[in-house]
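Please examine the sequence and the model displayed here. A short report accompanies them.

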Amino acid sequence: MTGTEDMIPLRPDRNIALELVRATEAAAIRSVPFIGRGQKERADGAAVDAMRAFLSTVEFDGTVVIGEGEKDEAPMLFNGERVGTGKGRAYDIAVDPIDGTSLTAAGRQNALSMIALSDRGTMLDASSVFYMDKLVTGPAGVGVVDIRKPIGENIRLLAKELGKPVDEMVVSVLNRPRHEQLIQEIREAGAGTRLMSDGDVAGGINAARHGARIDMCVGVGGSPEGIVTACAIKALGGHIQGRMWPRDDEERERGLAAGLKMDHVYEADELVSGKNTIFVATGVTDGQLVAGVVREGGYVMTESVVLRGHSGTLRRVSSEHLVEKWL
């Protein structure tokens, strides 16, 4: 194929990206009545309904690789569900109508509605093992840091590459009992921590994007979130590695049976192969990545990000929605 022909199939991605934004905006807006109300199931249900309704209108052939769960447990946006019109390019799709349902229920920061997609057959299905140990940095970490090295060594190596003192380094970690030793080692190395209550996708993206206050995101979080983060990192030129973290022997065997490699470091191209990735997210509550939904009079304001791996771009989309259209 000629270079021109190679580009033709990729042109519709721009339109698909904007259509996906409409789906994450809808999910975020529908979750607003439940922010800070302690009703995470109702918030998630409203977001799922809204996202699925909008996805059904998008002209593409999507298969949910990472969704709300298996079909018997999640009647909508379940793993394996086909979404879109069924016409056009075929994609793997990962959806999380609300990443941070507990954050939403508590009215805390960094809840997102998000979708990621890549060409069919390129997204690793890591659903059989719930957790993944991850290391994410910006472009400066490529070929410099490695998840197999002690965290202190990685901090020093990245600090040298960034040209900044170690005591100015900031590392993001989920605030979990399993990370007590990791947090201690980060601080003993001389770096500061930013402890997240949830939402390690936003943490990973913030570690990789230009101008963010986070230098590195590390620790054990959800495996699906690792795949979603990899889609975003493709657009940012950053570094991501992951290795499966089974909770017990039964889960380890289940992962092996599904074809996952234990004790293996998955690089970015193994998590999501190819460069044709799209990641979109709309803020539900305020965070470093995007602002949350705001209602002012007869309008609802949303902020979203769109990251395309093929073009290496991050775009922000600020939208004003008439409230009467959502009643």
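The report below treats the model's confidence, its sheet and its nonpolar cores.

## Basis and confidence

This is a predicted model, in which local features need pLDDT of at least 70 and side-chain atom pairs count only at pLDDT 80 or more, while totals for chains, interfaces and linings use all residues. Residues are numbered from 1 along each chain as its sequence is written, and side-chain values use heavy atoms, with hydrogens and water left out.

The protein chain has a mean pLDDT (the predictor's confidence in each residue, from 0 to 100) of 91, and 93% of its residues reach 70 or more. Over residues 1-12 pLDDT stays under 50.

## Sheet

An open sheet of mixed pairing is formed by 6 strands in the order 7-6-8-5-9-10. Strands are DSSP runs (E, at least two residues), as are helices (H or I, at least four), numbered from the N terminus; two strands pair if DSSP finds at least two bridges between them. Strand 7 (192-196) and strand 10 (266-267) are at the edges with a single partner strand each, so one side of each has no neighbour in the sheet. Strand 9 (residues 239-244) runs antiparallel to strand 10, joined by 2 bridges, and Gly242 stands opposite Tyr266.

## Nonpolar cores

A nonpolar core is a set of buried (under 20% relative accessible area, 1.4 Å probe, protein chains only) Ala, Val, Leu, Ile, Met, Phe, Trp, Tyr and Cys residues joined through side-chain atoms within 4.5 Å. The largest has 44 residues, and Met244 is among those with the most contacts inside it. Helix 8 (residues 223-236) gives the most to this core, with 8 residues.

Conventions: Contact = heavy atoms within 4.5 Å. Buried < 20%, exposed > 50% of the residue type's maximum accessible area, 1.4 Å probe, protein only.
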